[in-house]
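Welcome! Let us learn together how to read the inside of a protein model.

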Amino acid sequence: MNLVKFFLVVALLGPGAINAAPNADAILAASDAIRNPGRSFSVTVTLTDFQKGRQVDASTLQSYSRLQSSGQYSSLVRFVLPSRDSGKLMLKNGNDMWFYDPTNKASVRLSPQQRLLGQASNGDVATVNLGKDYKPTLVGEEEVQNGERQMRKSYKLALEAVSPDVTYASIEMWVDIENNRPIKARFFAESSRLLKTVYYRKFQPQIGAERPTESVIIDGLDPQSVTLMRFSDYAARNIPETWMQRDFLPRFQPE
């Protein structure tokens with residue numbers, strides 16, 4: 001580009017065109033919008049746990065997520081399979097999490113960090129907009145392999161928890177520069193120990209956008225311990241606020 005054309009471009013784009021840095025908050029918000037519909041919805045979540053390539057356990061859940069005025073979600077998760085767990089419920093409202101067993105009709109407090117199945121924690125199956133729970137910093141740009149084993153140019157973000165009771169103390173996240181898709185994330189404990197690495201893959205049209213329908217969760221210490229999380233049967237729906245109250249759990253009836 002010659003000097004005349006350069007100054008013409010600057011004039012058209014405005015004075016902020018030079019040295020304009022990508023905004024970390026905007027990148028994370030765009031990635032959140034890819035992972036989650038911007039409205040209340042339901043989705044079926046299937047968890048399959050593998051050890052050294054062999055399936056050892058599986059579970060099917062129905063998740064109902066209600067978008068709150070804060071921009072964060074509350075989630076009610078119903079256990080479907082295996083049959084021994086059918087009808088059990090898990091509720092996340094704000095940073096409070098509860099488990100309800102219809103057999104003894106008792107609800108008990110849960111930790112989002114507690115493992116649910118394999119490498120998937122309780123907090124992993126609840127819908128979360130990371131931009132509401134973490135403060136991002138743009139580390140730089142990197143070439144990274146995505147879940148389909150293709151190299152993609154990405155923004156690397158460092159996320160620090162804004163509250164001590166969120167699921168992870170910090171996260172490293174890679175977001176595709178071209179389309180804002182989440183590519184990969186590494187989740188850390190407060191001690192800075194790597195807990196797990198997650199790859200987002202198999203993007204498909206769901207409720208108005210191409211969203212990841214699979215997450216591959218790899219243990220931070222043992223790469224042969226892998227949990228596959230599949231998302232299917234997305235449906236936009238109105239979810240009553242009463243469903244997101246602990247006192248309502250004994251009266252919940254799936255539609």
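The dialogue below goes through nonpolar cores, ring pairs and charges over rings.

Q: What should I know before I start?
A: This is a predicted model: local features need pLDDT of at least 70, side-chain atom pairs count only at pLDDT 80 or more, and totals for chains, interfaces and linings use all residues. Residues are numbered from 1 along each chain as its sequence is written, and side-chain values use heavy atoms, with hydrogens and water left out.

Q: Which residues touch the most other members of the largest nonpolar core?
A: In soluble globular proteins, nonpolar side chains tend to be buried together. A nonpolar core is a set of buried Ala, Val, Leu, Ile, Met, Phe, Trp, Tyr and Cys residues joined through side-chain atoms within 4.5 Å; buried means under 20% relative accessible area (1.4 Å probe, protein chains only). Here the largest core has 40 residues, and L47, L130, L159, I171, M173 and M229 touch the most other members. Apart from it lies another core of 12 residues, including L76 and F248.

Q: How many aromatic pairs are there?
A: Rings of Phe, Tyr and Trp (its six-membered ring) pair if their centres lie within 6.5 Å; planes under 30 degrees apart count as stacked, over 60 as edge-to-face and the rest as tilted. The count here is seven. One of them, F79 with F99, is edge-to-face, at 6.1 Å centre to centre and 90° between the planes. Both F79 and F99 are buried. Y168 and F187 form a tilted pair, with 4.7 Å between centres and 50° between planes.

Q: Which ring has the charged end of K184 over it?
A: A charge sits over a ring if NZ of Lys or CZ of Arg is within 6 Å of the ring centre and within 35 degrees of the ring normal. For K184 the ring is that of W174, 4.9 Å from its centre. Likewise, R181 lies over the face of F203, at 4.4 Å from the ring centre.

Conventions:
Buried < 20%, exposed > 50% of the residue type's maximum accessible area, 1.4 Å probe, protein only.
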